[in-house]
2 protein chains.
Amino acid sequence: MVAETRAAPAFTIEQFLPFRLSVLSNRLTRAAARVYSRRFRLSAPEWRTMAVLGRYGAMNANSVVDRTAMDKVRVSRAVARLTAAGHITRRIDPTDHRRAILDLTPQGTTTYQQIVPWLRAVQDEILAALDDSERHALETMLAKLEQTGTTITPTRATAESDD
Amino acid sequence: MVAETRAAPAFTIEQFLPFRLSVLSNRLTRAAARVYSRRFRLSAPEWRTMAVLGRYGAMNANSVVDRTAMDKVRVSRAVARLTAAGHITRRIDPTDHRRAILDLTPQGTTTYQQIVPWLRAVQDEILAALDDSERHALETMLAKLEQTGTTITPTRATAESDD
DNA sequence: GCGCGACGGTTAACAATGTAACTATTCCCA
DNA sequence: TGGGAATAGTTACATTGTTAACCGTCGCGC
(Lines give C-alpha, C1' and ligand atoms only; values in the text may rest on other atoms or scores of the structure.)
Protein backbone atom coordinates (compact mmCIF):
# COMPACT_ATOMS: atom_id res chain seq x y z
CA MET A 1 0.00 0.00 0.00
CA VAL A 2 2.82 2.33 0.81
CA ALA A 3 4.50 4.09 -2.08
CA GLU A 4 7.83 3.30 -0.50
CA THR A 5 10.90 3.23 -2.69
CA ARG A 6 14.22 1.44 -2.61
CA ALA A 7 16.69 4.22 -2.18
CA ALA A 8 14.96 7.17 -0.54
CA PRO A 9 12.97 7.01 2.67
CA ALA A 10 9.27 7.71 2.26
CA PHE A 11 8.22 11.31 2.00
CA THR A 12 6.20 11.95 5.12
CA ILE A 13 4.38 15.23 5.14
CA GLU A 14 4.12 15.32 8.92
CA GLN A 15 7.91 15.65 8.93
CA PHE A 16 8.12 18.22 6.17
CA LEU A 17 9.37 21.45 7.68
CA PRO A 18 7.13 23.97 5.91
CA PHE A 19 4.13 21.83 6.79
CA ARG A 20 5.10 21.54 10.44
CA LEU A 21 5.80 25.23 10.77
CA SER A 22 2.55 26.07 9.08
CA VAL A 23 0.51 23.95 11.47
CA LEU A 24 2.42 25.19 14.48
CA SER A 25 2.30 28.85 13.54
CA ASN A 26 -1.40 28.62 12.82
CA ARG A 27 -2.04 27.27 16.26
CA LEU A 28 0.13 29.82 18.00
CA THR A 29 -1.25 32.72 15.99
CA ARG A 30 -4.73 31.56 16.84
CA ALA A 31 -3.88 31.37 20.51
CA ALA A 32 -2.49 34.89 20.39
CA ALA A 33 -5.45 36.15 18.40
CA ARG A 34 -7.86 35.07 21.11
CA VAL A 35 -6.36 37.79 23.29
CA TYR A 36 -7.29 40.67 21.05
CA SER A 37 -10.19 39.29 19.07
CA ARG A 38 -12.40 38.24 21.94
CA ARG A 39 -12.37 41.41 23.95
CA PHE A 40 -11.45 44.04 21.40
CA ARG A 41 -12.78 42.61 18.15
CA LEU A 42 -9.45 43.08 16.42
CA SER A 43 -8.17 40.93 13.58
CA ALA A 44 -4.53 39.93 13.27
CA PRO A 45 -3.74 42.58 10.63
CA GLU A 46 -5.44 45.20 12.76
CA TRP A 47 -3.54 44.23 15.86
CA ARG A 48 -0.25 44.12 13.99
CA THR A 49 -0.84 47.63 12.76
CA MET A 50 -1.62 48.87 16.24
CA ALA A 51 1.39 47.02 17.59
CA VAL A 52 3.90 48.81 15.41
CA LEU A 53 2.24 52.17 16.00
CA GLY A 54 2.29 51.53 19.73
CA ARG A 55 5.90 50.47 19.63
CA TYR A 56 7.39 52.96 17.22
CA GLY A 57 4.91 55.83 17.12
CA ALA A 58 3.26 57.51 14.13
CA MET A 59 4.21 56.34 10.66
CA ASN A 60 2.67 55.97 7.23
CA ALA A 61 1.09 52.80 5.84
CA ASN A 62 4.16 51.81 3.89
CA SER A 63 6.25 51.70 7.02
CA VAL A 64 3.64 49.47 8.59
CA VAL A 65 3.97 47.21 5.56
CA ASP A 66 7.72 47.03 6.02
CA ARG A 67 7.55 46.21 9.70
CA THR A 68 4.73 43.69 9.63
CA ALA A 69 5.44 41.73 6.45
CA MET A 70 1.85 42.31 5.38
CA ASP A 71 1.04 43.53 1.90
CA LYS A 72 -0.29 47.01 1.38
CA VAL A 73 -3.84 45.88 0.69
CA ARG A 74 -4.12 44.18 4.03
CA VAL A 75 -2.70 47.19 5.77
CA SER A 76 -5.04 49.49 3.90
CA ARG A 77 -8.04 47.47 5.02
CA ALA A 78 -6.81 47.21 8.57
CA VAL A 79 -6.32 50.97 8.65
CA ALA A 80 -9.84 51.57 7.38
CA ARG A 81 -11.35 49.44 10.12
CA LEU A 82 -9.12 50.80 12.85
CA THR A 83 -9.99 54.34 11.86
CA ALA A 84 -13.69 53.54 11.86
CA ALA A 85 -13.35 51.94 15.29
CA GLY A 86 -11.57 54.99 16.65
CA HIS A 87 -8.32 53.21 17.44
CA ILE A 88 -6.13 55.22 15.10
CA THR A 89 -6.08 58.53 13.30
CA ARG A 90 -5.14 59.17 9.71
CA ARG A 91 -3.98 62.53 8.44
CA ILE A 92 -2.45 63.43 5.13
CA ASP A 93 1.23 64.13 5.30
CA PRO A 94 1.52 67.88 4.59
CA THR A 95 4.92 67.36 2.95
CA ASP A 96 3.70 64.60 0.62
CA HIS A 97 0.04 64.37 -0.18
CA ARG A 98 0.27 60.76 -1.26
CA ARG A 99 1.08 59.64 2.24
CA ALA A 100 -1.13 59.41 5.28
CA ILE A 101 0.35 59.48 8.73
CA LEU A 102 -1.17 56.97 11.10
CA ASP A 103 -1.13 57.16 14.85
CA LEU A 104 -2.92 55.62 17.80
CA THR A 105 -5.71 57.63 19.36
CA PRO A 106 -5.78 57.86 23.16
CA GLN A 107 -8.36 55.09 23.06
CA GLY A 108 -6.13 53.05 20.77
CA THR A 109 -3.21 53.57 23.10
CA THR A 110 -5.25 52.33 26.03
CA THR A 111 -6.32 49.26 24.10
CA TYR A 112 -2.74 48.63 23.05
CA GLN A 113 -1.53 48.84 26.61
CA GLN A 114 -4.21 46.47 27.76
CA ILE A 115 -3.35 43.87 25.16
CA VAL A 116 0.43 43.84 25.48
CA PRO A 117 0.69 42.11 28.88
CA TRP A 118 -1.61 39.33 27.72
CA LEU A 119 0.53 38.68 24.69
CA ARG A 120 3.62 38.64 26.83
CA ALA A 121 1.89 35.98 28.90
CA VAL A 122 1.11 33.98 25.77
CA GLN A 123 4.72 34.09 24.66
CA ASP A 124 5.91 33.13 28.13
CA GLU A 125 3.55 30.20 28.12
CA ILE A 126 4.85 29.06 24.75
CA LEU A 127 8.45 29.37 25.81
CA ALA A 128 7.82 27.65 29.12
CA ALA A 129 8.36 24.38 27.30
CA LEU A 130 11.97 25.30 26.62
CA ASP A 131 14.88 25.81 28.94
CA ASP A 132 17.24 28.75 28.64
CA SER A 133 19.73 27.17 26.26
CA GLU A 134 16.91 25.91 24.09
CA ARG A 135 15.42 29.36 23.91
CA HIS A 136 18.74 30.68 22.83
CA ALA A 137 19.05 27.98 20.21
CA LEU A 138 15.58 28.72 18.95
CA GLU A 139 16.48 32.37 18.55
CA THR A 140 19.60 31.46 16.59
CA MET A 141 17.80 29.05 14.32
CA LEU A 142 14.92 31.34 13.63
CA ALA A 143 17.37 34.04 12.67
CA LYS A 144 19.12 31.66 10.29
CA LEU A 145 15.94 30.33 8.77
CA GLU A 146 14.59 33.82 8.34
CA GLN A 147 17.70 34.57 6.34
CA THR A 148 17.62 31.58 4.03
CA GLY A 149 13.89 31.61 3.71
CA THR A 150 14.17 34.60 1.46
CA THR A 151 16.15 32.86 -1.21
CA ILE A 152 14.51 29.47 -1.56
CA THR A 153 14.14 28.80 -5.24
CA PRO A 154 13.96 25.11 -6.02
CA THR A 155 16.03 24.77 -9.15
CA ARG A 156 16.74 21.11 -9.41
CA ALA A 157 15.45 17.96 -7.82
CA THR A 158 18.13 15.68 -6.46
CA ALA A 159 16.57 12.37 -7.31
CA GLU A 160 14.03 12.49 -10.07
CA SER A 161 14.44 8.69 -10.14
CA ASP A 162 12.30 8.39 -7.05
CA ASP A 163 9.83 6.11 -8.81
CA MET B 1 7.67 58.68 20.29
CA VAL B 2 8.10 55.19 21.60
CA ALA B 3 5.52 53.79 23.97
CA GLU B 4 8.35 52.56 26.14
CA THR B 5 7.68 51.92 29.79
CA ARG B 6 9.68 51.91 32.99
CA ALA B 7 9.56 48.30 34.05
CA ALA B 8 8.85 46.17 30.99
CA PRO B 9 10.79 46.33 27.75
CA ALA B 10 8.74 47.47 24.78
CA PHE B 11 6.56 44.93 23.10
CA THR B 12 8.12 44.45 19.69
CA ILE B 13 6.03 42.44 17.31
CA GLU B 14 8.99 41.47 15.17
CA GLN B 15 10.21 39.50 18.19
CA PHE B 16 6.88 37.94 19.05
CA LEU B 17 7.13 34.23 18.42
CA PRO B 18 3.76 33.55 16.79
CA PHE B 19 4.37 36.48 14.47
CA ARG B 20 7.85 35.32 13.50
CA LEU B 21 6.72 31.78 12.89
CA SER B 22 3.80 33.00 10.86
CA VAL B 23 5.99 35.06 8.57
CA LEU B 24 8.57 32.33 8.25
CA SER B 25 6.11 29.55 7.61
CA ASN B 26 4.32 31.63 5.01
CA ARG B 27 7.51 32.08 3.10
CA LEU B 28 8.52 28.45 3.32
CA THR B 29 5.07 27.18 2.43
CA ARG B 30 5.05 29.49 -0.54
CA ALA B 31 8.43 28.21 -1.67
CA ALA B 32 7.20 24.65 -1.38
CA ALA B 33 3.93 25.43 -3.14
CA ARG B 34 5.76 26.68 -6.19
CA VAL B 35 6.86 23.12 -6.78
CA TYR B 36 3.40 21.64 -7.14
CA SER B 37 1.34 24.64 -8.16
CA ARG B 38 3.33 25.74 -11.17
CA ARG B 39 3.63 22.49 -13.00
CA PHE B 40 0.71 20.49 -11.67
CA ARG B 41 -1.83 23.18 -10.74
CA LEU B 42 -2.26 21.75 -7.25
CA SER B 43 -3.21 23.78 -4.20
CA ALA B 44 -1.70 23.12 -0.80
CA PRO B 45 -4.72 21.17 0.49
CA GLU B 46 -4.73 19.11 -2.69
CA TRP B 47 -1.06 18.31 -2.41
CA ARG B 48 -1.36 17.45 1.26
CA THR B 49 -4.12 15.03 0.46
CA MET B 50 -2.09 13.39 -2.27
CA ALA B 51 0.91 13.30 0.00
CA VAL B 52 -0.75 11.23 2.71
CA LEU B 53 -2.34 8.92 0.16
CA GLY B 54 1.02 8.47 -1.52
CA ARG B 55 2.70 7.80 1.77
CA TYR B 56 0.17 5.64 3.56
CA GLY B 57 -2.07 4.31 0.81
CA ALA B 58 -5.86 4.37 0.55
CA MET B 59 -7.85 5.89 3.38
CA ASN B 60 -11.06 7.79 3.94
CA ALA B 61 -11.41 11.56 4.19
CA ASN B 62 -11.48 11.60 7.95
CA SER B 63 -8.09 9.95 8.13
CA VAL B 64 -6.77 12.59 5.77
CA VAL B 65 -8.15 15.19 8.16
CA ASP B 66 -6.32 13.58 11.07
CA ARG B 67 -3.00 13.39 9.27
CA THR B 68 -2.98 16.80 7.63
CA ALA B 69 -4.44 19.02 10.33
CA MET B 70 -6.90 20.37 7.78
CA ASP B 71 -10.57 20.62 8.55
CA LYS B 72 -13.05 18.39 6.78
CA VAL B 73 -14.39 21.11 4.52
CA ARG B 74 -10.98 21.74 3.07
CA VAL B 75 -10.38 18.06 2.56
CA SER B 76 -13.78 17.66 0.98
CA ARG B 77 -13.05 20.37 -1.56
CA ALA B 78 -9.57 19.08 -2.22
CA VAL B 79 -10.97 15.62 -2.84
CA ALA B 80 -13.57 16.98 -5.26
CA ARG B 81 -10.92 18.75 -7.32
CA LEU B 82 -8.46 15.89 -7.22
CA THR B 83 -11.13 13.50 -8.37
CA ALA B 84 -12.12 15.80 -11.21
CA ALA B 85 -8.49 16.11 -12.22
CA GLY B 86 -8.04 12.35 -12.25
CA HIS B 87 -5.44 12.27 -9.51
CA ILE B 88 -7.45 10.19 -7.05
CA THR B 89 -10.38 7.80 -6.98
CA ARG B 90 -13.26 7.80 -4.57
CA ARG B 91 -15.34 4.72 -3.88
CA ILE B 92 -17.90 4.15 -1.20
CA ASP B 93 -16.73 1.86 1.56
CA PRO B 94 -18.83 -1.30 1.15
CA THR B 95 -18.71 -1.95 4.89
CA ASP B 96 -19.88 1.55 5.82
CA HIS B 97 -21.76 3.56 3.25
CA ARG B 98 -21.03 6.85 4.97
CA ARG B 99 -17.35 6.58 4.19
CA ALA B 100 -15.57 6.99 0.90
CA ILE B 101 -12.22 5.38 0.36
CA LEU B 102 -9.72 7.58 -1.43
CA ASP B 103 -6.69 6.42 -3.34
CA LEU B 104 -4.25 7.72 -5.90
CA THR B 105 -4.86 6.80 -9.51
CA PRO B 106 -1.86 5.65 -11.54
CA GLN B 107 -1.66 9.18 -12.90
CA GLY B 108 -1.84 10.56 -9.37
CA THR B 109 0.91 8.22 -8.28
CA THR B 110 3.11 9.40 -11.12
CA THR B 111 2.48 13.02 -10.21
CA TYR B 112 3.19 12.28 -6.57
CA GLN B 113 6.47 10.62 -7.43
CA GLN B 114 7.49 13.53 -9.59
CA ILE B 115 6.80 16.07 -6.87
CA VAL B 116 8.46 14.34 -3.95
CA PRO B 117 12.10 14.80 -4.99
CA TRP B 118 11.55 18.50 -5.54
CA LEU B 119 10.12 18.92 -2.08
CA ARG B 120 13.03 16.99 -0.64
CA ALA B 121 15.27 19.49 -2.38
CA VAL B 122 13.34 22.39 -0.89
CA GLN B 123 13.67 20.97 2.59
CA ASP B 124 17.36 20.30 2.07
CA GLU B 125 17.84 23.86 0.94
CA ILE B 126 16.07 25.16 4.02
CA LEU B 127 18.07 22.96 6.36
CA ALA B 128 21.33 23.79 4.63
CA ALA B 129 21.54 26.82 6.90
CA LEU B 130 21.83 24.59 9.94
CA ASP B 131 24.52 22.17 11.01
CA ASP B 132 23.76 18.70 12.30
CA SER B 133 23.41 19.57 15.95
CA GLU B 134 21.23 22.51 15.10
CA ARG B 135 18.97 20.30 13.03
CA HIS B 136 18.66 17.98 15.93
CA ALA B 137 17.85 20.87 18.25
CA LEU B 138 15.27 22.16 15.82
CA GLU B 139 13.60 18.78 15.77
CA THR B 140 13.50 18.68 19.56
CA MET B 141 12.11 22.17 19.88
CA LEU B 142 9.48 21.71 17.23
CA ALA B 143 8.33 18.57 18.99
CA LYS B 144 8.07 20.45 22.27
CA LEU B 145 6.32 23.45 20.79
CA GLU B 146 3.91 21.20 18.94
CA GLN B 147 3.03 19.69 22.30
CA THR B 148 2.46 22.90 24.22
CA GLY B 149 0.86 24.68 21.34
CA THR B 150 -2.24 22.63 21.86
CA THR B 151 -2.93 23.93 25.32
CA ILE B 152 -2.24 27.63 25.13
CA THR B 153 -5.05 29.37 26.92
CA PRO B 154 -4.03 32.78 28.23
CA THR B 155 -5.60 32.98 31.63
CA ARG B 156 -3.94 35.89 33.31
CA ALA B 157 -1.74 38.77 32.26
CA THR B 158 1.37 39.23 34.34
CA ALA B 159 1.68 42.99 34.26
CA GLU B 160 -1.53 44.85 33.61
CA SER B 161 0.36 47.88 34.86
CA ASP B 162 2.22 48.15 31.62
CA ASP B 163 1.10 51.72 31.10
C1' DG C 1 -37.02 -3.49 14.52
C1' DC C 2 -37.33 1.42 15.56
C1' DG C 3 -36.08 5.68 17.06
C1' DC C 4 -32.48 8.73 18.34
C1' DG C 5 -27.91 10.36 18.92
C1' DA C 6 -23.43 10.15 16.72
C1' DC C 7 -20.61 9.93 12.59
C1' DG C 8 -18.86 11.00 7.73
C1' DG C 9 -19.08 14.08 4.51
C1' DT C 10 -21.13 17.88 1.59
C1' DT C 11 -23.30 22.25 0.70
C1' DA C 12 -24.19 27.07 1.62
C1' DA C 13 -23.34 31.60 3.42
C1' DC C 14 -20.12 34.69 4.78
C1' DA C 15 -15.60 36.76 6.01
C1' DA C 16 -10.76 37.16 4.94
C1' DT C 17 -6.98 37.18 1.59
C1' DG C 18 -4.41 37.72 -2.62
C1' DT C 19 -3.78 39.73 -7.38
C1' DA C 20 -4.30 43.24 -10.57
C1' DA C 21 -5.84 47.27 -12.19
C1' DC C 22 -6.55 51.96 -11.05
C1' DT C 23 -6.14 57.05 -9.00
C1' DA C 24 -3.59 60.65 -7.26
C1' DT C 25 0.67 62.66 -6.24
C1' DT C 26 5.51 63.36 -6.64
C1' DC C 27 10.04 62.80 -8.79
C1' DC C 28 13.20 63.58 -12.27
C1' DC C 29 15.31 64.95 -16.21
C1' DA C 30 15.22 66.09 -21.25
C1' DT D 1 8.47 72.96 -17.55
C1' DG D 2 6.06 69.12 -18.93
C1' DG D 3 5.58 64.41 -19.36
C1' DG D 4 6.79 59.72 -18.33
C1' DA D 5 8.26 56.70 -14.49
C1' DA D 6 7.90 55.79 -9.67
C1' DT D 7 5.42 55.89 -5.25
C1' DA D 8 1.37 55.64 -1.88
C1' DG D 9 -2.66 53.88 -1.35
C1' DT D 10 -7.46 52.22 -2.75
C1' DT D 11 -10.86 49.63 -5.32
C1' DA D 12 -12.55 45.54 -7.73
C1' DC D 13 -12.60 40.82 -8.49
C1' DA D 14 -11.34 36.08 -7.92
C1' DT D 15 -9.78 32.59 -4.58
C1' DT D 16 -9.63 30.79 -0.29
C1' DG D 17 -10.89 29.99 4.45
C1' DT D 18 -14.49 29.53 8.32
C1' DT D 19 -18.66 28.42 10.39
C1' DA D 20 -23.04 26.45 10.50
C1' DA D 21 -26.51 23.92 8.81
C1' DC D 22 -27.62 19.96 6.48
C1' DC D 23 -28.25 14.89 4.52
C1' DG D 24 -27.63 10.10 4.53
C1' DT D 25 -25.88 6.24 7.20
C1' DC D 26 -24.71 3.68 11.25
C1' DG D 27 -24.77 2.08 16.24
C1' DC D 28 -27.33 1.05 20.02
C1' DG D 29 -30.57 0.88 23.69
C1' DC D 30 -35.34 -0.22 24.37
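The surface near DNA strand D is made up of seven nonpolar, five polar and seven charged residues. Here Ala, Val, Leu, Ile, Met, Phe, Trp, Tyr, Cys and Pro count as nonpolar, Asp, Glu, Lys and Arg as charged, and the others, Gly among them, as polar. A residue is near a molecule or strand if its C-beta atom, placed from the backbone, lies within 6 Å of it.

Before going on, a word on the model. This is a predicted model, in which local features need pLDDT of at least 70 and side-chain atom pairs count only at pLDDT 80 or more, while totals for chains, interfaces and linings use all residues. Residues are numbered from 1 along each chain as its sequence is written, and chains are lettered from A and ligands numbered from 1 in the order in which they are written.

## Around the DNA

Let us stay with DNA strand D for a moment. Of the 19 residues around DNA strand D, those that come nearest are Asn60(A), Ala61(A), Asn62(A), Ser76(A) and His97(B). Two or more residues each are given to this surface by α3 and α4 of chain A and by α2 (44-56) and α4 of chain B. Helices (H or I, at least four residues) and strands (E, at least two) are DSSP runs, numbered from the N terminus. The largest share of the surface near DNA strand D comes from α4(A), with four residues.

Now turn to DNA strand C. There are 20 residues around DNA strand C, and His97(A), Asn60(B), Ala61(B), Asn62(B) and Ser76(B) come nearest. The elements giving two or more residues to this surface are α2 and α4 (72-84) of chain A, along with α3 (61-68) and α4 (72-84) of chain B. With five residues, α4(B) provides the largest share of the surface near DNA strand C. By class, the surface near DNA strand C holds eight nonpolar, five polar and seven charged residues.

## Helices α3 and α4 of chain B

In chain B, the axes of α3(B) and α4(B) come within 9 Å and cross at roughly 120°. Axes are lines fitted to C-alpha atoms, for helices over the stretch in contact, and angles run from 0 to 180 degrees between N-to-C directions. The helices α3(B) and α4(B) are therefore oblique to each other. Angles under 35 degrees count as roughly parallel, over 145 as roughly antiparallel, 65 to 115 as roughly perpendicular and the rest as oblique.

From α3(B), the contact uses Ala61(B), Val64(B) and Val65(B), and from α4(B) it uses Lys72(B), Val75(B), Ser76(B) and Val79(B). Two residues are in contact if their C-beta atoms, placed from the backbone, lie within 7 Å. The residues of the contact of α3(B) with α4(B) are five nonpolar, one polar and one charged.

| Helix pair | Axis distance | Crossing angle |
|---|---|---|
| α1(A) and α5(A) | within 10 Å | roughly 155° |
| α1(B) and α5(B) | 10 Å | about 155° |

In chain A, α1(A) and α5(A) are therefore roughly antiparallel to each other. Leu28(A), Ala31(A), Ala32(A), Val35(A), Tyr36(A) and Phe40(A) of α1(A) meet Thr111(A), Ile115(A), Trp118(A), Leu119(A), Val122(A) and Ile126(A) of α5(A). The residues of this contact of α1(A) with α5(A) are eleven nonpolar, one polar and no charged.

For chain B, α1(B) and α5(B) are therefore roughly antiparallel to each other. Among the residues that meet are Leu28(B) and Phe40(B) in α1(B), and Trp118(B) and Ile126(B) in α5(B). The contact of α1(B) with α5(B) divides into eleven nonpolar, one polar and no charged residues.

## Where the chains meet

In the contact between the protein chains, 67 residues of chain A touch 70 residues of chain B. On chain A, at least two residues each come from α1 (17-40), α2 (44-56), α3 (61-68), α5 (106-127) and α6 (132-149). Of these, α1(A) gives the most, with 15 residues. The side of chain A that touches chain B has 38 nonpolar, 13 polar and 16 charged residues.
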